[in-house]
Amino acid sequence: TGSPWRDLPAFFGKWNTVFKRYRDWVKADVFMRLFEACSDEPDMEYAMIDATIVKAIATAKAQKGDQSQAIGRSKGGLTTKILALTDALGNLVRFVLLPGHRFDTIGVPPLIDGLSFSALIADTAFDSNAIIADLDERGAKVVIAQHHRRTRKLMIDTEIYKWRHLIENFFCKLKEFKRIAMRADKTDTSFNAMIHLAAAVINSR
């Protein structure tokens with residue numbers, strides 16, 4: 001819900017005790033393992049990459065070292081960027097957190113590292129020579145919308161590109177969780193855990 005831990009109903013016990021257990025689970029990657037347990041084998045016929053911005057509410061603003069907590073200043077104020085990779089069905093495979101002002105392309109290498117897919121679908125924000133060269137080396141089809149400044153246009157499969165809406169649908173589902181949409185967590189590790197928990201709930205529906 002995005003509510004402060006201190007507002008936890010007494011029914012669940014002392015809020016500080018519950019919070020400490022939660023932090024222990026975050027450190028032990030319990031929420032990541034829960035997400036993996038609730039996820040089917042990804043359909044990597046092709047992969048999709050996209051990003052969304054969430055605004056950090058006041059309680060999430062770090063006093064120092066904002067960038068270390070994946071919080072950056074952009075036009076919308078203090079924001080965090082969620083860069084995600086989904087499979088051909090729009091199911092989350094991986095994601096990274098970036099400060100809101102960073103370029104989307106910076107987070108692509110760790111997302112695709114070690115993964116095998118036949119094609120990558122993305123919008124113009126990912127029209128990068130480095131990314132295209134990486135895909136060519138992999139033998140993966142490039143289905144990335146071309147930026148108008150590109151001098152030599154690449155032919156892309158427009159029929160496959162139509163399926164890009166699936167990753168946008170995933171972000172819509174993710175932002176139904178108020179704690180995600182408002183970046184109510186102070187640390188990037190807690191926010192990362194909450195995204196894994198929300199994605200586990202989405203996958204279990």
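Asp 134 is partly exposed, with a relative accessibility of 29%. That label follows a simple scale: buried means under 20% relative accessible area, exposed means over 50%, and partly exposed lies in between (1.4 Å probe, protein chains only). Arg 138 is partly exposed too, at 34%. The model here is predicted: local features need pLDDT of at least 70, side-chain atom pairs count only at pLDDT 80 or more, and totals for chains, interfaces and linings use all residues. Residues are numbered from 1 along each chain as its sequence is written, and side-chain values use heavy atoms, with hydrogens and water left out.

Asp 134 and Arg 138 form a salt bridge, with their closest N and O atoms 2.9 Å apart. A salt bridge is a side-chain nitrogen of Lys or Arg within 4 Å of a carboxyl oxygen of Asp or Glu. Both residues lie in helix α4, four residues apart, about one turn of the helix. Helices (H or I, at least four residues) and strands (E, at least two) are DSSP runs, numbered from the N terminus.

Helix α4 (residues 129–138) also belongs to a right-handed β-α-β unit, together with β5 and β6. Right-handed means this: with the strands pointing away from the viewer, the path from the first strand over the helix to the second runs clockwise. Strands β5 (residues 119–122) and β6 (residues 141–144) run parallel, joined by four bridges. Two strands pair if DSSP finds at least two bridges between them. Leu 120 stands opposite Val 142 in β6.

Now look at the loop between β5 and α4. Asp 123 lies there, and Arg 164 lies in the loop between α5 (158–161) and α6 (165–174), so the pair ties together parts that are 41 residues apart in sequence. Their closest N and O atoms are 3.7 Å apart, which makes a salt bridge. Arg 164 is buried at 12%, and Asp 123 is buried at 17%.

Another salt bridge joins Lys 162 to Glu 159, with the closest N and O atoms 3.1 Å apart. Lys 162 is exposed, at 53% relative accessibility. Salt bridges that share partners also link Asp 50, Asp 123, Arg 164 and Glu 168 into one network. The count comes to ten salt bridges.
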